[in-house]
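Here's a friendly walk through one protein model, from the whole chain down to a few single residues. Keep the picture open while you read.

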Amino acid sequence: MLQLLLGRYSDPVVREFAVHEVNKMRDNVLKEYLLQLVQALKYEPYHDSPLLRMLLRRALKSPNKVGHTLFWLLRSEMHVPDICERFGIALEIYLKFCGTHQTYLYREITVNSMIQDVAERTTKQPKKKQNSYARSELAKLNMLLPATFT
């Protein structure tokens with residue numbers, strides 16, 4: 001079914017059939033194919049597609065299994081100009097309706113940003129000092145991190 005969602009199959013009936021079949025997968029199986037399905041979103045002719053609707057519906061039904069992975073897969077592609085609008089809309093919809101899962105995601109985003117900031121500042125240090133600087137900054141950061149996060 002994944003091959004029917006590639007760019008060479010533009011017929012909406014074929015694509016919708018593939019989405020219908022993929023939707024039959026259990027969450028654990030679907031989660032294994034989320035990377036490919038998110039990549040297939042790039043080939044959808046419109047932002048509002050059966051594939052995106054199915055992924056969002058499944059993510060909202062199962063935020064810990066499907067939603068979490070979908071969120072991070074979409075977010076990891078936001079630097080790509082051709083798809084950032086589409087994926088941004090998907091992220092906005094997911095965050096608007098995911099309820100309490102939003103709290104966990106924001107916590108993860110915060111931790112990710114804090115670590116990324118340390119990494120960026122570390123690369124600006126002289127090569128010989130980078131290791132000790134990173135250790136020092138991460139030790140300071142450790143005191144600011146939330147008690148629990150994924």
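## Contacts across the chain

Take the contacts in the protein between residues at least 6 apart in sequence: 60% of them join residues at least 24 apart. Contact here means heavy atoms within 4.5 Å.

A quick word on the ground rules. This is a predicted model, where local features need pLDDT of at least 70 and side-chain atom pairs count only at pLDDT 80 or more, while totals for chains, interfaces and linings use all residues. Residues are numbered from 1 along each chain as its sequence is written, and side-chain values use heavy atoms, with hydrogens and water left out.

## Helices and overall size

How many helices and strands does the protein have? There are seven helices and zero strands, so reading along the sequence gives you α-α-α-α-α-α-α. Both kinds of element are DSSP runs numbered from the N terminus: helices are H or I with at least four residues, strands are E with at least two.

The C-alpha atoms fill a box of roughly 60 × 30 × 25 Å, taken along the principal axes. The radius of gyration is 19 Å, whereas a compact globule of 150 residues would have one near 15 Å. That radius is taken over C-alpha atoms, and the globule rule is 2.2 Å times the number of residues to the power 0.38.

## Surface and charge

Of the 150 residues, 33% are buried. Buried means under 20% relative accessible area, exposed means over 50%, and partly exposed is in between (1.4 Å probe, protein chains only).

On the charge side, the protein has 22 positive and 15 negative side chains, with the centres of the two sets 8 Å apart. Lys and Arg count as positive, Asp and Glu as negative, and His and the chain ends aren't counted. Each charge is placed at NZ of Lys, CZ of Arg, CG of Asp or CD of Glu.

## Around helix α4

K65 sits in helix α4, residues 63–75. Is K65 buried or partly exposed? It counts as partly exposed because its relative accessibility is 38%. Leaving aside neighbours within four places in sequence, K65 is in contact with D27, N28 and K31. Its C-alpha atom is 9.4 Å from that of L30, 35 residues away along the chain.

S62 is in the loop between α3 (50–61) and α4. At 10% relative accessibility, S62 counts as buried. Not counting residues up to four places away in sequence, S62 touches D27 and G67.

E44 belongs to the loop between α2 (27–40) and α3. Its relative accessibility is 7%, so E44 counts as buried. Apart from neighbours within four places in sequence, E44 is in contact with L5, R15, S49, P50, L51 and R86. Q116, 72 residues from E44 in sequence, is 32 Å away in space, C-alpha to C-alpha.

T122 is in helix α6, residues 101–123, and counts as buried because its relative accessibility is 10%. Beyond its neighbours within four places in sequence, T122 is in contact with Q130, Y133 and A134.

## The cysteines

C84 counts as partly exposed at 27% relative accessibility, and C98 counts as buried at 9%. A search of the whole structure finds zero disulfides, meaning pairs of cysteine sulfur atoms within 2.5 Å.
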